Amino acid sequence: MQTTEVGQNSEIKQVIGSLCMMNNRFMNFMLDDNKKAAQVFLRVILGDDKIKVRNVRIQSFIQNIYGHSSQLDILAQDSEGRYFNVEVQRSDEGAPARRARFYSSILDTHFLQPGKLYEELPDTYVIFITENDVLHDNLPLYNIRRRIDENAKCFEDGSHIIYVNSQRRDNTALGKLMQDLYCTEPKNLHYHEFAERMEFLKYSKEGEEKMTDVIEEYAARKAEALAKEAVKEAAKKAEEKEQANRIELAQGLLADGMSIEFTVRHSKLTEAEVRELASKLSA
């Protein structure tokens, strides 16, 4: 029993040790109520060192009574009242243009209170950090704004969509931030605002307890994988047993002098398999 517990604890530590911020759940723990870390993200991505984060929340559920509701990974607000939604997308399918459009629109409908003027609608930023370069132009950053076709001027409505290509990990401030997203060791992080939280989450008992959800999710995935493996193994054994029964039947039919064609038809073996059995019987 003790050996099992030691093995499980070792496995849990390995799982936690392998986590980086490109893991969506771990990113949530890194930024949850961590204004300094969220501030680094926004300042580097937007190139604005004056951003001051007022609050940051994870897994914010925004109810839409008329249609599709959404759960935002990270939602922050700065001192100017602007809202920033940060989404980590490891799958290309998770970052389509229309999803970004929808998230932008749902922020608008949620944050314009009844009785307020349209001019009071806050600026919003939807930021997709993607594992791959989903827009395929090998740019580190894609700032997407509405513009007027006839004169190419920006249509300043306060909405911003940004795609960040995490594959561009150079020595710029943004490139170093992208390196940090894949880093698993606090000592190797470029930005100290992340290092302290990662140290706490990975190497303290309190941090491990805080990440119960991540560990449970891992355990659930492992249990699911084991269950699938058990089903595959059971199916394999059933097929092996069925094949043995077919061979036994074919051997009996051949021993009774039945033809190859008759044996194939009734045993469900292939003709090649039946002929091989017949050659062994006649040897």
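Which element gives the most to the lining of the largest cavity? Helix α3 does, with 3 residues.

This is a predicted model, in which local features need pLDDT of at least 70, side-chain atom pairs count only at pLDDT 80 or more, and totals for chains, interfaces and linings use all residues. Residues are numbered from 1 along each chain as its sequence is written, and side-chain values use heavy atoms, without hydrogens and water.

**Confidence.** The protein chain averages a pLDDT (the predictor's confidence in each residue, from 0 to 100) of 85. Of the residues, 91% score at least 70. Confidence is lowest in helix α1 (residues 2-17), at a mean of 65. It is highest in helix α5 (residues 173-181), at 96. Where pLDDT is low, the predicted coordinates should not be read in detail.

**Cavity.** The structure holds 1 cavity of 30 Å³ or more. Its lining comprises Leu 31, Ala 38, Phe 41, Leu 42, Val 56, Ile 74, Ala 76, Phe 84 and Val 86. Two or more of these come from each of α3 (35-46), β2 (70-78) and β3 (83-89).

**Pocket.** The largest pocket is lined by 14 residues. Nearest its centre lie Arg 101, Ser 104, Arg 146, Ser 159 and Ile 161. Helix α4 (97-111) and strand β6 (159-165) each supply at least two lining residues. The largest share, 6 residues, comes from α4.

| Space | Volume | Lining by class |
|---|---|---|
| Largest cavity | About 40 Å³ | 9 nonpolar, no polar, no charged residues |
| Largest pocket | About 250 Å³ | 5 nonpolar, 4 polar, 5 charged residues |

**Terms.** On a 1 Å grid over the protein atoms alone, a cavity is a set of points where a 1.4 Å probe fits but cannot get out; a pocket is an open set with protein on both sides within 12 Å along at least five of seven lines; lining residues have an atom within 4 Å of a point. A volume is the space filled by probe spheres set on the points, which are joined across faces, edges and corners. Helices (H or I, at least four residues) and strands (E, at least two) are DSSP runs, numbered from the N terminus. Ala, Val, Leu, Ile, Met, Phe, Trp, Tyr, Cys and Pro count as nonpolar, Asp, Glu, Lys and Arg as charged, and the others, Gly among them, as polar.
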